[in-house]
Amino acid sequence: MNLERFILNGEFKKVVEFLEKGAKSAKDFNILGVAYYNLGKRNKAISNFKRALYLDQNNIDALFNLSEIYIQLGKYVKAKDYVLMLLKMYPTWDVYDMLSNIYTFEGFFESAYESLKKAIAIAPQEKAHLLREKLDLLTERMEKVKLQKKLAIVCAKGFDNFIDDIVHELSDQYWVQRRVVKTEKEIKDAINWADIVWLEWANEVAVIATNYPEIKGKRVVLRLHGYESLRKDFLLKINWNNVDDLIFVAKNVMKTAVENQPIIQTIPIHFVPNGINLEKYKYKVREKGYNIGFLGFFNYKKNPILAVQILKKLVDKDKKYKLYWAGQIQDDRMWRYINYILKKMGIIENFVFDGWVDDTDEWLEDKDVFLSTSIHEGYGIAIMEAMAKGIKPVIHNFYIAEEFYPKKYLFNTVDEAVDMITNDDYTSDEYRKFIKKYSLKNQIQKIKSIIQGI
């Protein structure tokens, strides 16, 4: 079967029908990914491109497609790994152009400029014209940032999940560099470059940074998220004399941190919840249904045992109920148990594990309820993303949940959760309105005031 012909003719559903269960080679999975992408299913597209790379780590088509799709999603850091791999094998003008976009986002403008010049040198004439216009705009921006204060947002690799919107929003006022660090030297280099240092997480990076003598005299903002409040080893080693402002994302986290390191109380403290970029989530009025979603890592903290008990009671009422879980498996013992007990309960077909998803807006679109069974949350970004789309939240009363959510959204028992999911109380406008106070716009306004010392 000539699958490429189906792709060229726009017959993407035929490609999916043929390859969904029959794909075997890297080429097959890449074609399947292209078909899914053109059907508007970016998560499935990414999954298949990655399967192609698993079979052939040098598959240029899969590398290129992953690079492009992550840039479209605004996930520049994920794109960067693939672009750099691609550049070694396929140094074309469009790859250099993608790398320029990534460096521009990260605030490394000289690297962006050099990449764009390389793109222009080898691009076709009609593309080179557009790239030169882009270079002119980049040159203007480079002149502008020379007049702005330098802000380094510094965090360890793997802890940068919450900074991209902040990088983007602060870049109109500051020369922001996104510094994801792996070594002590990289931490010190970031501090040496900056006028203002934003330390993301009160962990090992903050310990090294605040004890580096060159940080004195610079404005330092430290944001503490959650787990660090329990880590006395971090809190006692951070040099708090070199921290100008301390941001907490939750009041209960602040209380725990102060108990473990009382000196924190001598520093200006701010409570700024993580913001939701409402523009990223398509809202519509919804009503109750049978598709239940859970978005998060698969581990003991997310409490999948409780989720399965709730699912069993729902299926006993109506076999149409399904629980969809998107995330990464972090506890193999829990994963084995859940699969075992689902079979014993006879509801294995009602539980769907989708793995990691990058486009949460797309994944949430067909969900009717967002079920959170966690025993602990900062406050639950995924819950808020679902509410932003108008999806009903059903939230286990995790530790200090009432600090964030009205009691009507919380449950203590399996029966309470089942009743919340099955009753007719469903008001999308209410959920969206609630999330507006946690909007990215409000968060950025507070952050700008803190950085400016207002």
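This is a predicted model: local features need pLDDT of at least 70, side-chain atom pairs count only at pLDDT 80 or more; totals for chains, interfaces and linings use all residues.
## The six-stranded sheet

Let's start with the strands. Six of them make up an open sheet, with parallel pairing and the order β2-β1-β3-β4-β5-β6. At the edges you'll find β2 (175-181) and β6 (269-271); each has a single partner strand, so one side of each has no neighbour in the sheet. From one strand to the next, the twist averages 20°.

Zoom in on β4 (residues 219-224) and β5 (residues 245-248): these two run parallel and are joined by four bridges. For Arg-223, the bridge partner in β5 is Ile-247.

## A helix across the strands

Helix α11 (residues 184-193) lies across β1 (150-156), β2 and β3 (196-200). Relative to β2, α11 runs at about 170°.

Now for a helix that's mostly covered: α18 spans residues 381-388, and seven of its eight residues are buried. The buried set is Ala-382, Ile-383, Met-384, Glu-385, Ala-386, Met-387 and Ala-388.

What do these buried residues pack against? Their partners are the strands β7 (291-295), β10 (369-372) and β11 (392-396), plus the helices α17 (360-364) and α20 (428-436). After α18 comes Gly-390, which has a positive phi near 90°.

Ile-305 belongs to helix α15 (residues 304-317). With a relative accessibility of 34%, Ile-305 counts as partly exposed, because that class sits between the 20% cut-off for buried and the 50% cut-off for exposed.

Terms used: Residues are numbered from 1 along each chain as its sequence is written. Side-chain values use heavy atoms; hydrogens and water are left out. Buried means under 20% relative accessible area, exposed over 50%, partly exposed in between (1.4 Å probe, protein chains only). Contact means heavy atoms within 4.5 Å. Two strands pair if DSSP finds at least two bridges between them. Axes are lines fitted to C-alpha atoms, for helices over the stretch in contact, and angles run from 0 to 180 degrees between N-to-C directions.
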